Amino acid sequence: MRIVIAGGHGQIALRLERLLAARGDEAAGIIRRAEQAEDLRAAGAEPIVLDLESTSVEEVAERLRGADAAVFAAGAGPGSGAARKDTVDKGAAVLFADAAVRAGVRRHVVVSAMGADARHEGDEVFDVYLRAKGEADDHVRGLEALDWTILRPGALTDEPGTGQVRLEAHTGRGPVPRDDVATVLAELVDTPATAGLTLELVSGSTPVSVAVKSVAGN
């Protein structure tokens, strides 16, 4: 499979790229800065330099054509203000999904956030973030041309992955290592039977492959 990942230099994306490359898939990561390219190559991924905040749907679609799946793992990051929550966490997610439709890439996996809700209230930056992610998720859900799965991890940690998770429509809050998020994403990309599901993810006691098969109805 060829999988194109938005936010290709992110902590989860780099882990995902290594996993995909190790299993023989072709991973490509969209990055904003050319100096990030070497890190992607070291992870076994092809770097694509493109700023999702200033490009067009058609330009992104050109990069997506021929892919088997697209993964949105970009984010403005914890140090960014409210404006970039709108341009990245919402705007780039919407653009990437629309580009996937135009490119004919049906399989679409989104890294969202637990608590994302377009109707979330509040004026703090984190409130704006949750609204932006919720609005982006709603947009993706409305695209009939996509076989989408939305993943909402709990509190991300850099602890080593255990390969044991809880993956359900509603898990309640909890931590989860970025290693395990990447492992779940790799499995979701390969499991189109999870299309149409919005899933929460925290650490648990179920092996990843079993957890994914369970939500897929297998």
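Analyst: Two strands pair if DSSP finds at least two bridges between them. Note that this model is predicted.

User: In what order do the strands of the open sheet run?

Analyst: The sheet is open and holds 9 strands. Their pairing is mixed. The order is 3-2-1-4-5-6-10-8-11.

User: Which residue in strand 10 is the bridge partner of Glu168?

Analyst: Strand 8 (residues 164-168) runs antiparallel to strand 10 (residues 197-203). The two are joined by 4 bridges. The partner of Glu168 in strand 10 is Glu200.

User: At what angle does helix 5 run to strand 6?

Analyst: Helix 5 (residues 125-141) packs on the sheet. It touches strand 4, strand 5, strand 6 (147-153) and strand 10. Its direction makes an angle with that of strand 6 of about 160 degrees.

User: And helix 4, at what angle does it run to strand 4?

Analyst: Helix 4 (residues 82-103) lies across strand 1 (2-6), strand 2 (26-31), strand 4 (69-72) and strand 5 (107-111). Its angle to strand 4 is about 175 degrees.

User: Within what arc do the buried residues of helix 3 fall?

Analyst: In helix 3 (residues 57-64), the buried residues are Val60, Ala61 and Leu64. Seen down the helix axis they line one face, because they fall within an arc of 105 degrees.

User: What covers the buried residues of helix 3?

Analyst: Just after this helix, Gly66 takes a positive phi of about 90 degrees. As for the buried residues of helix 3, their cover includes strand 1, strand 4 and helix 4.

User: Is the crossing of helix 6 and helix 7 left-handed or right-handed?

Analyst: The axes of helix 6 (residues 178-189) and helix 7 (residues 208-215) come within 10 Å and cross at roughly 45 degrees. That makes helix 6 oblique to helix 7. Thr183, Val184, Glu187 and Leu188 in helix 6 meet Val208, Ser209, Val212 and Lys213 in helix 7. The crossing is right-handed.

User: How far apart are the axes of helix 1 and helix 6?

Analyst: Helix 1 (residues 11-22) packs on helix 6 at about 50 degrees, which makes helix 1 oblique to helix 6. Contact residues include Ile12, Leu16 and Leu19 of helix 1 and Val181, Ala182 and Leu185 of helix 6. The axes of helix 1 and helix 6 lie apart by 8 Å.

Definitions and conventions. Residues numbered from 1 in each chain as written. Predicted model: local features only at pLDDT ≥ 70, side-chain atom pairs only at ≥ 80, totals over all residues. Heavy atoms only, no water. Contact = heavy atoms within 4.5 Å. Axes fitted to C-alpha atoms, helices over the stretch in contact; angles between N-to-C directions. Buried < 20%, exposed > 50% of the residue type's maximum accessible area, 1.4 Å probe, protein only. Arc of directions from axis to C-beta. Parallel < 35°, antiparallel > 145°, perpendicular 65-115°, else oblique. Left-handed = near helix turned anticlockwise from the far one by under 90°.
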